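Hi there,

Here is the structure I promised to pass on to you. Please have it open while you read, and my notes follow below.

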Amino acid sequence: MDLGAITKYSALHAKPNGLILQYGTAGFRTKAEHLDHVMFRMGLLAVLRSKQTKSTIGVMVTASHNPEEDNGVKLVDPLGEMLAPSWEEHATCLANAEEQDMQRVLIDISEKEAVNLQQDAFVVIGRDTRPSSEKLSQSVIDGVTVVGGQFHDYGLLTTPQLHYMVYCRNTGGRYGKATVEGYYQKLSKAFVELTKQASCSGDEYRSLKVDCANGIGALKLREMEHYFSQGLSVQLFNDGSKGKLNHLCGADFVKSHQKPPQGMEIKSNERCCSFDGDADRIVYYYHDADGHFHLIDGDKIATLISSFLKELLVEIGESLNIGVVQTAYANGSSTRYLEEVMKVPVYCTKTGVKHLHHKAQEFDIGVYFEANGHGTALFSTAVEMKIKQSAEQLEDKKRKAAKMLENIIDLFNQAAGDAISDMLVIEAILALKGLTVQQWDALYTDLPNRQLKVQVADRRVISTTNAERQAVTPPGLQEAINDLVKKYKLSRAFVRPSGTEDVVRVYAEADSQESADHLAHEVSLAVFQLAGGIGERPQPGF
């Protein structure tokens, strides 16, 4: 490691004085103009991680559903998963080191992690469509090359596509070809095979309106659509030709505002979905005959997928260990439906995909979705082998079900939640089951809910337990929440600190929207009073 060269190059990517950033679930995110030094240093760190694991590491330049002027970066570990927690700490430490401390921090990380500096390193890089992404991507490359790492720059990719590339490269091509073409072919082939077996016909099941958030998803879906067009016709909106990234559109906007994106006309009962800016989240929605908006979020997506997987397992006679992983934000009705009607076990983890992903890996088949639409299904290697064998050995009807399950395994991007992959799985299941969007929505009725945020002087005053469903500090807050919840039917509420800003997030649900709104407001007041609220007191009305 040529420390002199690193110091010289680092001066070209100097850290602004006093800037402190934290590597969180989504990596680093802030205004793009503050990130040049972080990108360079993450290039350095990716090389050290690659040397330590003797495998390809990914670096993705994106800020997902954040506004266009923001940007961010995250590292992808060998099997396409999130960066290991101990390396998240190294990332934070390295990003915040002053120039004169850079060498020491790099040596510390190398020694702590027993990195063999003579080992070869390979890093793959992808970026989203933000105006700042290309330049910041080059800063990552500067970091990789100054410590002698080899790299492949994929250029414009969705975040899940970069996860896929890393996974393919580290499994010797067994998972798929590490090219954009390979990604398109793998998913489309499985989708077309599946939908061939659908008994329903007619366009009502086979056309879909897609809001691409003016992001990378539009570019990639347009490149891909001819591969699967015989099974599905997609109409793209907010495709980046005009309009700002994530502005009044995209999965996060639709989920939080409970209304369609700007720029999309929706006829009654038309099936629509929205991606976020880097295409790793998806939510569905439609207008009913009376013009009312219906959101189908990650909870209903997880329910559709896990129910279908369970039906296939029953049909082929396999008793595999299947589980659904949710967070505290999952609607109470979805949990009840899964446990009581579908008899599928449900587990709750802390918010953040890495927590859900880790828990899902404990099952033969683990399905996880955050309510915001970020999720996937994971299948253990043993299950994949078993299903492939079943597809060859069973009698006709069972063989057909096993073949469908095999195609579904190929259709999921198991390395990460992937809006394109999830969309194709959902469309295939709806076609196979002959379900309309309204019938899917009617599986269960969501409890009305409300999410709010309260500005506080320091979010660290809030600490939680029980998968973030109970507040431990400040004293008295959980007791206040318990007393408020008792006032309403079918109600629950919880608070948790934001991972990125000094706000406390409040969630409440109850038997009516009015009750959920009142409960959320009252909990917000309790947070404001007991957790150091700043600015204007929370006001009723939404």
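A salt bridge here is a side-chain nitrogen of Lys or Arg within 4 Å of a carboxyl oxygen of Asp or Glu. Please keep in mind that this is a predicted model.

With that in hand, take Arg281 and Asp252, whose side chains meet in a salt bridge at 3.3 Å, N to O. This pair links distant parts of the chain, as Arg281 sits in the loop between β8 (272–275) and β9 (282–287), while Asp252 belongs to helix α9 (residues 251–257), 29 residues apart. Are the two partners buried or exposed? Buried means under 20% relative accessible area. Arg281, at 10%, therefore counts as buried, whereas Asp252, at 29%, is partly exposed.

How many salt bridges are there in the whole structure? The search finds 30. Another of them joins Lys31 to Asp70, with the closest N and O atoms 3.1 Å apart. Asp70 is buried, with a relative accessible area of 7%, and Lys31 is partly exposed at 36%.

Arg460 is exposed, with a relative accessible area of 69%, and Asp458 is partly exposed at 25%. There is also a network of salt bridges that links Lys453, Glu501 and Arg505.

Now for some helix packing. Two packed helices are described by the angle between their axes and the distance between the axes. For helix α1 (residues 3–12) and helix α2 (residues 36–53), the axes come within 9 Å and cross at roughly 155 degrees. Angles over 145 degrees count as roughly antiparallel, so α1 is roughly antiparallel to α2. Which residues make the contact? From α1 they are Ile6, Tyr9, Ser10 and Leu12, and from α2 they are Asp36, Phe40, Arg41 and Leu44. The crossing of α1 past α2 is right-handed.

Finally, a word on annotation. An unreviewed UniProt entry lists residues 178–283 and 297–434 for "domain: Phosphoacetylglucosamine mutase AMG1". Over residues 297–434, the chain is 59% helix and 14% strand, and the end C-alpha atoms are 20 Å apart.

Methods
Residues numbered from 1 in each chain as written. Predicted model: local features only at pLDDT ≥ 70, side-chain atom pairs only at ≥ 80, totals over all residues. Heavy atoms only, no water. Buried < 20%, exposed > 50% of the residue type's maximum accessible area, 1.4 Å probe, protein only. Helix = DSSP H or I, 4+ residues; strand = E, 2+ residues; numbered from the N terminus. UniProt positions renumbered as here; feature names shortened; annotations may be inferred. Axes fitted to C-alpha atoms, helices over the stretch in contact; angles between N-to-C directions. Parallel < 35°, antiparallel > 145°, perpendicular 65-115°, else oblique. Left-handed = near helix turned anticlockwise from the far one by under 90°. Contact = heavy atoms within 4.5 Å.
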